[in-house]
Amino acid sequence: MDTLKDVPEFFETQLDESLVARTESLASFRELGPPDLCHITKANAKPGVKEVGSYHYVSGVDASSSATLAAYLNSLTYALEETHAWFTKSSAWRIRSGVYCCFNAFSRVDVRVEVKIPGGVESYVMDLRGEKHEATPDIWQETYISALLRSILYSDDVNYRLAGFRKLDPIPNIEAEAHFLEAAEQLFFKGWQLGSDPEIQVATVVSNHLTAGIMKYFNPEVASLLAQAYIGMDEEIKSVNILYGALKQNSMSYALLHVQADFLLSKGRTDYALKLAKQAVNCAPSEFVTWAKLTEVYIEIGDYESALLTLNSCPMFTYNERDMHRMPSPAKTHLPIKQDIVNAGLLEEDNGRDNEADVALLRLPAPSLRGTFAKAYSLLTKLVAKIGWDELLKCRSSVFVMEEEYRMQKAAEEERKSQKIVNTSPPQEKEIKSEEAANAKTNGVNDLSQSVQTISISDDLDGDGSENTKEKGSENADEKAVSNHEVTNGRDENDNDEKKNSNLKIADGRSLNSENMEEVDLDDNPNNKSKTTSVIEFKGPELEKPLQAANEDKSDNQSIHNDDQSKDTSKKDYSFSFNNKRLCERWLDNLFMVLYEDLRVYTVWRSEVSHYKAHHMSYRKTGTEWEILGDLAARLHHKDDAKEAYQRCLEHKFSAKAWLRLLEFYADEGDVQRALQAVVKLTVYYERWYHEIVYPTAIAYNINKLIRSEGLSKVQNTLKPMNLSPPVNKLVSRHLDFAKTFKIHGSDF
């Protein structure tokens, strides 16, 4: 046979087409690069049979030298399935050659090792132009770290999933861990070249993919470098001393300020934490994470209006998709299942009906959020969990200019201008002007829509909000920070022009923030202006729909702001003023509509459940619908409801997502029995899809959490009565062996 045993394969239509496609894609890689590509060429002993090319994706292979990569290619020769003939055992197919490709994210080149069997080994570097170069020791070290970081950071990344992706354990022993640390130390100050998480705009020495990989591997409980590691080890005095010395040398480091702010929040000193968070914003006003941290502090201290204003000031960045291959369609695909897994009888078939779901549930926009928008939405859900939807809407209307307010203000402005024109017109024109003013007053809003053509007002749920124009000349620290942010967001406001302009005009300048929220449009038909229908037929309690914030059209060359010199006039002419109010950013206004959709569906769901229970009726949903509802409840911080939904999901179908979320809940609760049941299911599932990696994974994190709290002995003793088959028991025991080998806290009791 021409297939590999227990190894996924994609067969090429034309020989080497996968290598050609990868070479052509090298210039498009922007992040850490794609997974490693292993290509093999097979030849048949029979004359006239063409050679066959196949490939698969892999991570976790030691890429420190050409010898280690060649060893992996050589191991595949033993995986070639054999055909059985009469009285003999032979294979007509053999591996003639192989090429292993590993992307170097530091130098942005592809390192390749080509093995000819029998024959020699050749290694070279393929640059973005497709030219070959020699692989130097420095290149090999960079390649080694690049491969490790992809394996560590993308081990559980839902955006980095490929069919036929084989994941091996990147650091199997203590020696490999020491090698990783040594190489990471030598390349530490080049880490910024790798880029950073989507919430970080500018990668620095302490905020980049290298440091993120180090922290994910060694301590998932904390989120910064040495100081945070000491905090995680309960060495708080050492941590404070390190922070003190580091801040003396670099007082403008927002990462250090954030560590200190988190430490103070944990001690209940919210006043000091707030000052540090504000200072971090002043140090890096163009970074999303500084504004997000300040928002979190405001939520913690209960200043919800300031939290909304700060969230509105966050600079938003476009999310970069993970680097992936763009391969031609394969001639055929081979995705074998290991026989031990089949014999275990734990693989569950998906029920076709349970994969169906209400279209409205499938179209909830929140799951499609990525990067800074996902983080901003998380902060918004924290707010609504703290104060409730009605109170959140009150806060929103008290700090942002709403559409109805703008209509009234503009109508009053037009009426005042009309009266002024009448008073200053020549005698022969007064009669005409008076007639025009009367018509304007009668027509009201209809005339307004003609005079303000650039203002977009709609009742649908597409969430087109408006850009935020900040007030200048503020005296407190918050408004100074916001003022700094305006410059970095690309808004050019001139103080002299502000003093000359009148009360309300349409804002100038397009922010990069508002261009990235099209993906969460809640109206599938752009021509349909009707309100969306209810997701579920049962009508529960009505949820107040958020009013539209005042829109701002970027094509106009005027600006909306409050003129300090005309405050007295404004108070006389209008029933309200816009002192201390700002325009809501378009993306934030859209997120309010996204949150409304989530809350509406959640409210109807819980009302339905109560209604059915009261009438002693069975409440039915498909497995996929229960999974979506579990995700919904988890987003809105309703843990008990999420847990119930995931459990109901598993009654109908197998769901790796549901098992994983339940594993997190069980580990937090210290429920060893149920946690191990989830571990067994997930381990078998991941092994079926070639995920042989032990750590770092979500399974390992949660098992280690149990070991830290309950001890390794209790976990082992709970596993024994489960009477697992030997192959499955061996798979699960790998995680316990890892804890013992690497001396996880709790492994000694």
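A633 sits in helix 23 (residues 623-635), in a predicted model where local features need pLDDT of at least 70, side-chain atom pairs count only at pLDDT 80 or more, and totals for chains, interfaces and linings use all residues. Residues are numbered from 1 along each chain as its sequence is written, and side-chain values use heavy atoms, with hydrogens and water left out. Helices (H or I, at least four residues) and strands (E, at least two) are DSSP runs, numbered from the N terminus. With a relative accessibility of 0%, A633 counts as buried (buried means under 20% relative accessible area, exposed over 50%, partly exposed in between, with a 1.4 Å probe and protein chains only).

**A633 and its surroundings**

- Leaving out residues up to four places away in sequence, A633 touches Y602, W605, H638, D641 and A642; contact here means heavy atoms within 4.5 Å.
- L599 lies 34 residues from A633 in sequence, and the C-alpha to C-alpha distance between A633 and L599 is 9.3 Å.

**Two helix pairs**

- Two packed helices are described by the angle between their axes and the distance between the axes.
- Axes are lines fitted to C-alpha atoms, for helices over the stretch in contact, and angles run from 0 to 180 degrees between N-to-C directions.
- Angles under 35 degrees count as roughly parallel, over 145 as roughly antiparallel, 65 to 115 as roughly perpendicular and the rest as oblique.
- Helix 22 (residues 586-614) packs with helix 24 (residues 639-652) at about 70 degrees, their axes being 13 Å apart. That makes helix 22 roughly perpendicular to helix 24.
- On the helix 22 side the contact is made by Y602, W605 and R606, which meet D641, E644 and A645 in helix 24. By class, this contact of helix 22 with helix 24 has three nonpolar, no polar and three charged residues.
- For these classes, Ala, Val, Leu, Ile, Met, Phe, Trp, Tyr, Cys and Pro count as nonpolar, Asp, Glu, Lys and Arg as charged, and the others, Gly among them, as polar.
- Helix 10 (residues 288-301) and helix 11 (residues 304-312) have axes 8 Å apart and an angle of about 170 degrees. Helix 10 and helix 11 are therefore roughly antiparallel to each other.
- W291, L294, T295, Y298 and I299 of helix 10 meet Y304, S306, A307, T310 and L311 of helix 11. The contact of helix 10 with helix 11 has seven nonpolar, three polar and no charged residues.

- Eight of the eight residues of strand 3 (residues 52-59) are buried, so strand 3 is largely enclosed by the rest of the structure.
- In a regular strand the side chains alternate between the two faces of the sheet. Here V52, S54, H56 and V58 point one way from strand 3, while G53, Y55, Y57 and S59 point the other way, and all are buried.
- Two strands pair if DSSP finds at least two bridges between them.
- Strand 1 (residues 9-11) runs antiparallel to strand 3 and is joined to it by two bridges; F11 has S54 as its bridge partner in strand 3.
- Strand 2 (residues 36-44) is also antiparallel to strand 3, with seven bridges between them; the partner of H39 in strand 3 is Y55.
- Strand 10 (residues 165-167) pairs with strand 3 in the parallel sense over three bridges, and Y57 stands opposite F165 in strand 10.

**A buried lysine**

- K42 belongs to strand 2 and is buried, with a relative accessible area of 0%.
- The side chains of K42 and E9 are joined by a polar contact of 2.5 Å (a pair of N or O atoms within 3.5 Å; within protein, one must be able to donate a hydrogen and the other to accept it, and residues adjacent in sequence count only if both atoms are side-chain atoms).

**Backbone points to check out**

- Most residues other than glycine have a negative phi, and most peptide bonds are trans.
- Y695 and P696 are joined by a cis peptide bond with omega of about 0 degrees, and P696 is in the loop between helix 26 (672-688) and helix 27 (698-710).
- Y690 lies in the loop between helix 26 and helix 27, has a positive phi of about 70 degrees although it is not a glycine, and is buried at 3% relative accessible area.
- D16, in the loop between strand 1 and helix 1 (17-25), has a positive phi near 70 degrees and counts as partly exposed at 32% relative accessibility.

**The chain as a whole**

- The chain has 29 helices and 11 strands, and buried residues make up 52% of its 749 residues.
- Among contacts in the chain with a separation of 6 or more, 74% are between residues 24 or more positions apart.
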